[in-house]
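Student: Could you walk me through a protein structure, one question at a time?

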Amino acid sequence: MNPLRSSVLSALLLPGVVVVGTRVGLPVLAMATLRLSSSSSSSFFAYQQQKVGLTAAQRPPSSFPSPSPPLVVCSIPDRHHLPSSPSSGEASSGRISLGFCTRQSLGFCTRQQSWNRKLAVVAAAASVVEVGGGGSSSTISREEVVREDDPTNNVPDTVFGKIGLQLHNRENHPLGILKNAIYSYFDETFPGVFHKVDNLLPIVSVKANFDDVLTPPDHVSRSYNDTYYVSADTVLRCHTSAHQAELLRQGLTHFLVTGDVYRRDAIDATHYPVFHQMEGLRLFTQQEWEAAGMDGTALAAQELKKTLEGLARHLFGDVQMRWVDTYFPFTDPSYELEIFFQGKWMEVLGCGVTQQQILCNNGCAGTTAWAFGLGLERLAMVLFDIPDIRLFWSNDSRFTSQFKSGQLGTKFKSFSKYPPCYKDISFWISEEFSENNLCEIVRGIAGDLVEEVVLIDEFTNPKKGKTSHCYRIAYRSMERSLTDEEINALQAEVRQQVESKLKITLR
Ligand code: PHE
């Protein structure tokens, strides 16, 4: 059985596990799809009542990193003028410098070499990203984030190429429109109260991402298989909760933090290694809960539900909702809000009453708080009828021109009728084999031309004791037709890299 399916089933059967959702970040539109990784099958942070310890293959490569001071937080300037995706292979301008493949060098290539070079451009990404703003601008070089020779680093070029693009800060982009609609709700409901932050650097310390929000040392979200480590003590944030502690320490009592978050994951229409989350947190003082005649936790839980039900109605209209008990390391009690939308129950967000320890550790002893985290793509796909998560990264004007600031819920009109092309790859796996690693290789080669990677066959040869996997890779561009030649070159490169990097034996 597909490991994903079996993990979902075993989680459902576990006593004490109330519900197993998908990760908070992304939508559950493709339920028929056989998905690959554990983190995509169940909520990244939510499903850990199972208390899964990390296997050797999952563990970060060095011994578990000790807490270190957070990196200086800098802001990133708005970048609407930049191409959204270096992986589209388009020439870049402005502050992101380009990869190395020139027209001149292509002029002398055979067709095969030419394709290999184009693949290299897909993978090369930018070499420097400028971050900062407000007078404190600085740059992050590729070498600081992608360090192929460093075993504690697992960030590929394709992912580095997304840093700084800030789709959520583009006014006419579905993610920017959704972010602003949520801002409007909070501004109307709590005028002038919520502080908004949307430009924090996504490179954060392991301490901020995990320790500060009480993620247990053996929690699967810390695994090298699931999270991008820049170094042993620095990661690309895998959730916006990574900023809770620092903002509390800065004295903020009501805040919304939006940003790009990064997770190693499966490939299908609803999963992408970079997506966007919004975090919200509100503190309550003793005076407030005494005035309400309640204890602090009860007031926070009541206000949380009221506020988020209001948000769901603001976004989706008069929908049916339900609260589902769940588990997050950082909240207790913890809930997921689901709405009945387009004929099925859909998880909208994860939330709960903040653990006292987080408040005490960050200068807020004597208060209570609620916190929530929601995935913007998950909601935007449903609200705007966007069928494939790769579209958010598209620069094609047939996509970008369809959305206008302030117009929440404009229905996307599909322009891609280009057929997918399927290629299978079969191999004997080794003990270290991980599907996320396979997906990363495929994405590194094909970029956004890969639509889905699905395990279609699995068997064990009892005599040899070896297990074979067959994956079907769907290649499809949202924007143009792909040629046979192009796809064959991609597949040949996938076969070669899978064999050389994954310690498997091709069949
Ligand atoms: N950080 C959680 C996630 O990404 C969401 C969350 C945020 C849940 C805040 C509770 C409180 O899955």
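Tutor: Here come some questions and answers about this structure. It is a predicted model, where local features need pLDDT of at least 70, side-chain atom pairs count only at pLDDT 80 or more, and totals for chains, interfaces and linings use all residues. Residues are numbered from 1 along each chain as its sequence is written, and side-chain values use heavy atoms, with hydrogens and water left out.

Student: How many helices and strands are there in the chain?

Tutor: Helices (H or I, at least four residues) and strands (E, at least two) are DSSP runs, numbered from the N terminus. Going by those runs, the chain has 16 helices and 16 strands.

Student: What percentage of the residues in the chain is buried?

Tutor: Let's set the cut-offs: buried means under 20% relative accessible area, exposed over 50%, and partly exposed in between, with a 1.4 Å probe and protein chains only. The chain has 507 residues, and the buried part of them comes to 58%.

Student: Which residues have the most contacts inside the largest nonpolar core?

Tutor: A nonpolar core is a set of buried Ala, Val, Leu, Ile, Met, Phe, Trp, Tyr and Cys residues joined through side-chain atoms within 4.5 Å. The largest one here has 72 residues, and helix H11 (residues 296–316) gives the largest share, nine residues. Apart from it lies another core of 28 residues, including Leu200 and Phe255. Back in the largest core, the residues with the most contacts are Phe186 and Phe316.

Student: Which residues is Phe316 in contact with, leaving aside its neighbours within four places in sequence?

Tutor: Contact means heavy atoms within 4.5 Å. With those sequence neighbours set aside, the partners of Phe316 are Ile339, Phe341, Met346, Leu379, Val382 and Leu383.

Student: How many salt bridges does a search of the whole structure find?

Tutor: Side chains of opposite charge can pair when their charged atoms come close. For a salt bridge, a side-chain nitrogen of Lys or Arg has to be within 4 Å of a carboxyl oxygen of Asp or Glu. Arg142, Glu143, Glu148 and Asp157 are even linked in a network of them. Over the whole structure, the search gives 23.

Student: Which residue forms a salt bridge with Asp198?

Tutor: The closest N and O atoms of this pair are 2.7 Å apart. Asp198 is in the loop between strand E3 (195–197) and strand E4 (203–205), and its partner, 19 residues apart from it, is in helix H7 (residues 174–189).

Student: Is Tyr229 buried or exposed?

Tutor: Tyr229 belongs to strand E5 (residues 229–231). A polar atom of its side chain lies 2.5 Å from the backbone oxygen of Arg222. The relative accessible area of Tyr229 is 1%, so with the cut-off of under 20% this residue counts as buried.

Student: Which side chain makes a polar contact with the side chain of Ser231?

Tutor: A polar contact is a pair of N or O atoms within 3.5 Å; within protein, one must be able to donate a hydrogen and the other to accept it, and residues adjacent in sequence count only if both atoms are side-chain atoms. Ser231 is in strand E5, and counts as buried at 13% relative accessibility. The contact is at 3.0 Å, and the partner is Thr234.

Student: How much of the accessible area of the ligand does the protein cover?

Tutor: There are 15 residues around the ligand, His239 and Arg263 being among the closest; near here means that a heavy atom lies within 4 Å. A side-chain N or O atom of His239 is 3.0 Å from a nitrogen atom of the ligand, while one of Arg263 is 3.0 Å from an oxygen atom of the ligand. Accessible areas come from the Shrake-Rupley method with a 1.4 Å probe, and for residues only the protein chains shown count as cover. On its own the ligand has 330 Å² of accessible area, and the protein covers 100%.

Student: Which element gives the most to the shell around the ligand?

Tutor: Strand E8 (274–284), strand E11 (344–354) and strand E12 (368–375) each give two or more residues to this shell. The top contribution is three residues, and it comes from E12.
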